[in-house]
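Q: I would like to go through this structure with you. Could you take my questions one topic at a time?

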Amino acid sequence: MADVVQLDRRGRKGRERRSAEAGVGGAIPQRPWETLRNPYPKAALLSPDQVEDIHRAALRILEEIGIRFLYDPAIEVFTKAGALVDKSTRNVRIGAELVDRAIETSPEYVTLTPRNPERTVRFGGDLIVTTTVLGPPFCTDLDRGRRPGNLADFCNLVRLGQYFNIIHMISGSPVEAQDVPVPIRHLEQTLATLKLADKVPYVFC
């Protein structure tokens with residue numbers, strides 16, 4: 001027991017020392033908000049032939065098997081674009097030409113602008129976008145230890161994600177708010193994220 005108490009005291013003293021060094025209640029030093037770039041070449045995990053094999057397999061599924069869509073506006077979009085739509089089964093088959101046209105018209109970069117335009121992020125090329133983690137059931141800290149996540153913990157993690165410039169986006173669930181019923185949990189978490197952060201959110205549907 002003496003060893004446990006001694007370790008606890010050391011931990012407390014360490015925390016107190018770190019707090020004093022940072023300045024109690026003061027701002028934590030950090031880098032300015034900036035766009036990050038990957039300076040290294042991308043790892044070639046697959047050969048060009050393997051990539052082509054995957055592409056052809058995907059086209060076969062889209063062309064011959066199709067996908068069943070339950071959302072009427074999506075079916076209308078595919079119908080107008082020239083896909084083969086069976087409205088009785090809601091199955092949509094998408095030809096290779098349609099896929100090729102979509103690839104040719106897709107932008108090299110995608111920009112997402114949140115309610116605070118200063119927190120706009122871009123995807124594509126060698127750009128790197130960071131975000132908080134998604135979906136852990138538990139969280140931990142030095143004072144209370146490991147525990148199931150709740151809405152208060154969720155909100156605190158969103159606040160941390162909002163504060164640090166190295167975090168570009170806020171995930172839908174930096175920890176699961178297990179004190180909120182599952183059918184409405186994603187709604188409560190989304191509301192909290194929109195209230196507490198002005199960065200780009202991505203949320204559960």
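Predicted model: local features only at pLDDT ≥ 70, side-chain atom pairs only at ≥ 80, totals over all residues.

Q: Understood. What is the strand order in the open sheet of three strands?
A: The order is E2-E4-E3, and the pairing is antiparallel. The edges are strand E2 (67-68) and strand E3 (84-86), each of which pairs on one side only.

Q: How many bridges hold E2 and E4 together?
A: Strand E2 and strand E4 (residues 91-93) pair over two bridges, in the antiparallel sense.

Q: And which residue in E4 is the bridge partner of isoleucine 67?
A: That partner is valine 92.

Q: Staying in that region, where is arginine 90?
A: Arginine 90 belongs to the loop between E3 and E4.

Q: What is its phi?
A: Phi of arginine 90 is near 65°, which is a positive value in a residue other than glycine. For context, most residues other than glycine have a negative phi.

Q: Which helix gives the largest share of it?
A: Helix H4 (residues 96-105) does, with three residues of the negative patch. Glutamate 63, by contrast, is found in helix H2 (residues 48-65).

Q: Why does glutamate 63 count as partly exposed?
A: Glutamate 63 counts as partly exposed because its relative accessibility is 30%, and that class lies between the limits of 20% and 50%.

Q: Which residues make the nonpolar patch?
A: Leu45, Leu46, Val51 and Ile54 make a nonpolar surface patch of about 410 Å².

Q: Take leucine 45: buried or exposed?
A: Leucine 45 is exposed, because its relative accessible area is 74%. This leucine 45 sits in the loop between strand E1 (36-37) and H2.

Q: New topic: how many salt bridges does the count come to?
A: The count comes to eleven salt bridges. One of them joins the side chains of arginine 60 and glutamate 64, at 3.8 Å from N to O.

Q: Where do arginine 60 and glutamate 64 lie?
A: Both lie in helix H2, four residues apart, which is about one turn of the helix.

Q: What about their accessibility?
A: Arginine 60 is partly exposed, with a relative accessible area of 43%. Glutamate 64 is exposed, at 54% relative accessible area.

Q: What salt bridge do arginine 144 and aspartate 141 make?
A: The side chains of arginine 144 and aspartate 141 meet at 3.1 Å, N to O. Arginine 144 counts as exposed, because its relative accessibility is 53%.

Q: Which salt bridge links aspartate 141 and arginine 147?
A: The side chains of aspartate 141 and arginine 147 also meet in a salt bridge, with an N to O distance of 3.1 Å. Salt bridges that share partners join Asp141, Arg144, Arg147 and Asp153 into one network.

Q: Within that group, is arginine 147 buried or exposed?
A: Arginine 147 is buried, because its relative accessible area is 15% and the limit for that class is under 20%. Aspartate 141 counts as partly exposed, at 27% relative accessibility.

Q: Finally, contacts along the chain. How far apart are asparagine 38 and isoleucine 128?
A: Their C-alpha atoms are separated by 6.5 Å, although asparagine 38 and isoleucine 128 are 90 residues apart along the chain. Asparagine 38 lies in the loop between E1 and H2 and counts as partly exposed at 26% relative accessibility.

Q: And what separates leucine 98 from alanine 83?
A: Leucine 98 and alanine 83 are 15 residues apart in sequence and 7.5 Å apart in space, C-alpha to C-alpha. Leucine 98 has its place in helix H4 and counts as buried, at 15% relative accessibility.

Q: One more: where is phenylalanine 154?
A: Phenylalanine 154 lies in helix H5 (residues 151-163). Its relative accessibility is 0%, so phenylalanine 154 counts as buried. The C-alpha atoms of phenylalanine 154 and cysteine 139 are separated by 9.2 Å, with the two residues 15 residues apart along the chain.

Key: Residues numbered from 1 in each chain as written. Heavy atoms only, no water. Buried < 20%, exposed > 50% of the residue type's maximum accessible area, 1.4 Å probe, protein only. Pairing = 2+ DSSP bridges. Patch = residues over 30% accessible without salt bridge, like charges linked within 9 Å, V, L, I, M, F, W, Y side chains within 5 Å. Areas by Shrake-Rupley, 256 points an atom, 1.4 Å probe, with all protein chains shown as cover. Salt bridge = Lys/Arg side-chain N within 4 Å of Asp/Glu carboxyl O.
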